[in-house]
Amino acid sequence: MRTLKYDKTILVKSSDKKGLEDAAAHLRSGEVVGFPTETVYGLGANALDEAAVNKIFEAKGRPGDNPLIVHIADKAQIPELVSEISPIAKELIEAFMPGPITVIMPKSDKIPMNVTAGLNTVGIRMPSKPEAREFLKLCDCPVAAPSANISGSPSPTCADHVMTDMDGYVYAVVDGGESDYGLESTVVDATGEVPVVLRPGAITSKMIADAVKLTSKDNTCLKAGETPKAPGMKYRHYAPHCDVEVIMLSENIDLINDETLLAEGTDIWGDFNFDGLSEEEKHLAFNLTIPFFNRIKDILDRNPLARIGVFTGIEVMAAIERLADDNLFYHTEFFVYGRTADTSAASHCLFDGLRELDINKVDIILATGFTGNGISKAYMNRLLKASCKLGDAPDAVKAGDNLNLRSKRDLESFKDTCTASVLFICDKNRNLSVTAEMVFRDLIRREAPFCSVASNDIGAELYAESCGINAINGDAPEEYTVKAIKEVCGLDASYITSLRGEASVYDDSDLIICLREDTLQKLIHNFPSLESKAFSLSSYAANCGLVIKNEEGRVVSWSIPDPSGENYVTHLHTVKLIKAYLELVFPYIIKDLGAKRI
Ligand code: TXA
Ligand code: MG
């Protein structure tokens, strides 16, 4: 329950030295204060004071089961907060701090358990925004802070957003102007042998792989009885009240600012004048616009009273202005973030745009989507969460659903069909990925037929395949795996032969899921362009907002140990685990493949 604590929250300009000192002193002595960073605004409390940290959860209205990030002003603070700095952590700190990154390391005893939600690791972040560093320096203590929004709403990117959510609930808010990036930091687990990105952000996986020389070690599997590392991934969504629909830009469009970190404070708008564009540029602008235009018309055809919010770029708005009649224009509300193909500009404005359009009470928001591999990934991660609200997450597969085998013949009743496939990858393609392929095919068979999300008239044929990054073509699956698949799923996997992963295999699939985290790291390292469609089971599940907790209530990793060479019981357990996990993510995969059940 949230209870009002103050008549008024003090709003402090970051140029007001006295006000800053007062806010910092209050934070140090146990109050909660909102403050700016280059990513989003944070809601800070003294990280060494358990009671103060509890006040953050009260103000946010969220239970304290999601770990908080600890913010510092100086790298010299790190050693007292962590018990170990691994070589990987060291490289990440050197390469990216201060900046939009959070590095997970084993915690020291100084940090109370409510900061890390019971985990024995802690996320450390050193913001680069001058106003943040100045404030953190004045605080003179490590500052635990989540994003400063009410639980579930979009993260705040200006002091105004924080005041909207927190006025009366916290002591003060420091106004440091707009956040530069607009998306939260990249969260990287640096406790293992390879860095694992738990939340994408402005520092991309490619930048991380380039900075940390990847050592590919194979025996990173968990031994029986070992507790998996808790990734601390929690259902979080950034949903406004209305529906959000993504309109993808064509892959042929050259994205702007997707791979480079913007210098802080850059003017992302630049000059733009539609009439000054060349004929070719105008043509391109209309091409960008057509999917938006058609969708707006489509919505208005069905519901003439609808109010439609459009989160897009200046070219699209200008072209719609030139295409639309008064009625269409009257029913649309634009939030323009800059040039349409500028992914950094879109990221910078995303949360602001979602909030603003929501305040304007539109019924639906159409938002630009990008297929790029850089900051686009972080942007799409947040946007897709916004577009899949808790209430309308896809139907789950009902456990024990009777074997209602609807035959493929049903597809003939459609006017047309499309195909889509998911590829499962492990190391040798003899255990984990073979199991995943068989289990998933079985799920598809049980749940068919599917149609395209675009139209009920288009049938969707879905496929599951598997390969191994170090597989030997033609190898057979391990005998125990075949036996366990037979026992658990009643399916015969003996005819499957190993396939070695290579560019053409990867290109042919629409979605790639690696059964283990280290496999994904190696895959992306060798094929960086796959980043937009390749996930680990863990990162995919986290994107869907799915978490699994163990008996102690800790979040456990979905990374599955390779049972190769182990006894039959281990194989049996592995197949059951994969089956359980895939049943959970099945509806989300179907959705990602552009299909839905009929
Ligand atoms: O940019 C940001 O990171 C912002 C600004 C304020 O610094 N903060 C932020 O905090 O986004 P929050 O609480 O909204 O998100 C923190 C994320 C969560 O996904 C959490 O699960 C993860 O970091 N996290 C924190 N500590 C962790 C840990 N020890 N292990 C794994 N994940 C952790
Ligand atoms: Mg947050």
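User: What order do the strands of the six-strand open sheet have?

Analyst: Keep in mind that this is a predicted model. Strands of a sheet pair through backbone hydrogen bonds, parallel or antiparallel. Here the order is 19-18-15-17-16-20, and the pairing is mixed.

User: Which strands stand at the edges?

Analyst: Strand 19 (534-536) and strand 20 (595-597). Each has a single partner strand, so one side of each lacks a neighbour in the sheet. From one strand to the next, the twist averages 35°.

User: In what sense do strand 15 and strand 18 pair?

Analyst: Parallel, over four bridges. Strand 15 covers residues 416-426 and strand 18 covers 511-514. Phenylalanine 424 stands opposite isoleucine 513 of strand 18.

User: Which strands does helix 16 touch?

Analyst: Helix 16 (residues 517-526) packs on the sheet and touches strand 15, strand 18 and strand 19. Its direction makes about 155° with that of strand 19. Helix 13 (residues 432-447) lies across strands 15, 16, 17 and 20, at about 160° to strand 17.

User: How do I read the crossing of helix 14 and helix 18?

Analyst: Start with distance and angle. The axes of helix 14 (residues 479-489) and helix 18 (residues 568-592) come within 9 Å and cross at roughly 50°. The two helices are therefore oblique to each other. The crossing is right-handed. Next, look at the contact: residues there include Tyr480 and Ile485 of helix 14 and Leu572 and Val575 of helix 18. By class, the contact has eight nonpolar, two polar and four charged residues.

User: Is methionine 248 buried, partly exposed or exposed?

Analyst: Partly exposed, because its relative accessibility is 39%. Methionine 248 lies in strand 11 (residues 243-248).

Notes. Residues are numbered from 1 along each chain as its sequence is written. Chains are lettered from A and ligands numbered from 1 in the order in which they are written. This is a predicted model: local features need pLDDT of at least 70, side-chain atom pairs count only at pLDDT 80 or more; totals for chains, interfaces and linings use all residues. Side-chain values use heavy atoms; hydrogens and water are left out. Axes are lines fitted to C-alpha atoms, for helices over the stretch in contact, and angles run from 0 to 180 degrees between N-to-C directions. Angles under 35 degrees count as roughly parallel, over 145 as roughly antiparallel, 65 to 115 as roughly perpendicular and the rest as oblique. A crossing is left-handed if the near helix is turned anticlockwise from the far one by less than a right angle, and right-handed if clockwise. Contact means heavy atoms within 4.5 Å. Ala, Val, Leu, Ile, Met, Phe, Trp, Tyr, Cys and Pro count as nonpolar, Asp, Glu, Lys and Arg as charged, and the others, Gly among them, as polar. Buried means under 20% relative accessible area, exposed over 50%, partly exposed in between (1.4 Å probe, protein chains only). Two strands pair if DSSP finds at least two bridges between them.
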